[in-house]
Amino acid sequence: MRSGLPSGTSLLVSFARGLGVDKEPIDPVAPQLLPPVLAQLAAAPRHLGGVAALYRAAVRATTFGLIDHMVLRTQAIDAHLASALRSGIDQLVILGAGLDARGWRLAALKDVTVFEVDHPATQRYKRKRMSQQRPPADIRYVSIDFETERFADALESAGFRSGAPSAWIWEGVAMYLPLDAVHDALAQLTSLAAPGSELAMTYRMPGLLPYGPLGRVAIPVVFAAAGEPLKATLRPHELASAVAPDWDVTFDEDSRGWRKLAGSTANASRSFLSERLAIVKRRY
Ligand SMILES: C[S@@+](CC[C@H](N)C(=O)[O-])C[C@H]1O[C@@H](n2cnc3c(N)ncnc32)[C@H](O)[C@@H]1O
């Protein structure tokens with residue numbers, strides 16, 4: 001993270017959701033969260049009439065599938081969240097929330113307490129941008145650095161009930177943390193989550209960066225230069241053992257499997273198959 005600045009990758013993901021792949025973007029709140037230039041680029045299709053689809057297609061193409069990938073990821077997690085909420089869960093923790101706008105855009109969260117846990121710099125920026133917007137959900141903020149601080153006590157102080165089941169989302173974050181911090185966060189989560197709780201998290205597999213030798217060198221350099229170097233990688237069996245014996249893995253697939261969950265029109269880009277979405281459920 002660059003000192004004092006909001007996470008650049010959180011802006012990128014919010015931009016993708018704000019632009020979307022269809023006429024209706026999946027995140028109408030994104031333009032309020034983004035800095036002015038990105039907000040205008042994301043909202044441009046609303047003012048472009050007949051050429052809106054062409055503009056959106058051109059932007060999607062220039063990101064080599066990244067926009068589709070991020071839209072599909074969020075839609076898959078939204079679909080999972082909807083089913084977790086139907087089971088009666090009424091508290092949601094979003095770890096590394098960034099500019100995630102679920103607390104504002106999902107009506108199903110109106111009776112849910114949403115805890116947003118994030119790095120102080122990103123959270124400060126978001127709270128400032130959203131100070132005038134009343135969310136339907138009861139949003140509580142917890143500001144921590146996963147690399148140096150624990151979130152368990154802070155969550156309980158913010159009103160999290162460890163005796164009741166909870167939903168957890170950790171979307172596009174674990175790959176920016178050292179592996180120790182990922183394991184530590186999973187251990188804290190296990191100490192807080194009652195039986196029946198569900199976690200949806202994405203993680204990065206080792207060795208699958210796109211674009212051959214050039215991509216293997218250039219992609220990590222680009223992320224590092226942006227202040228968010230790629231760090232932890234896991235293989236599916238390592239993730240399963242990291243959460244065992246307390247959690248069962250109920251889903252663990254790369255983006256080709258997310259469309260089933262999401263019912264989405266976004267494309268599963270072949271370039272980003274290194275990221276997987278795992279859904280794990282706390283055993284009774
Ligand atoms: C790619 S963004 C994803 C944001 C959000 N989950 C989403 O999907 O829109 C990565 C997020 O991880 C957070 N993050 C990265 N390193 C962190 C750390 N050491 N402690 C706390 N948060 C961190 C950033 O602040 C940012 O919000």
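## Sheet

Two strands count as paired if DSSP finds at least two bridges between them. Helices (H or I, at least four residues) and strands (E, at least two) are DSSP runs, numbered from the N terminus. With that in hand, strand 1 (residues 91-95) and strand 4 (residues 167-170) run parallel and are joined by three bridges. Ile94 has Ile169 in strand 4 as its bridge partner.

This is a predicted model, where local features need pLDDT of at least 70, side-chain atom pairs count only at pLDDT 80 or more, and totals for chains, interfaces and linings use all residues. Residues are numbered from 1 along each chain as its sequence is written.

The seven strands form an open sheet with mixed pairing, in the order 3-2-1-4-5-7-6. Strand 3 (138-143) and strand 6 (247-254) are the edge strands, each pairing on one side only.

## Ligand shell

Let's turn to the ligand. Around the ligand sit 21 residues, the closest being Thr9, Gly96, Gly98, His119 and Thr122 (near means a C-beta atom, placed from the backbone, within 6 Å). Helix 1 (residues 8-19) gives the largest share of this shell, three residues.

## Helix 1 and helix 5

The axes of helix 1 and helix 5 (residues 66-86) come within 9 Å and cross at roughly 85 degrees (axes are lines fitted to C-alpha atoms, for helices over the stretch in contact, and angles run from 0 to 180 degrees between N-to-C directions). Helix 1 is therefore roughly perpendicular to helix 5 (65 to 115 degrees; under 35 is roughly parallel, over 145 roughly antiparallel, and the rest oblique).
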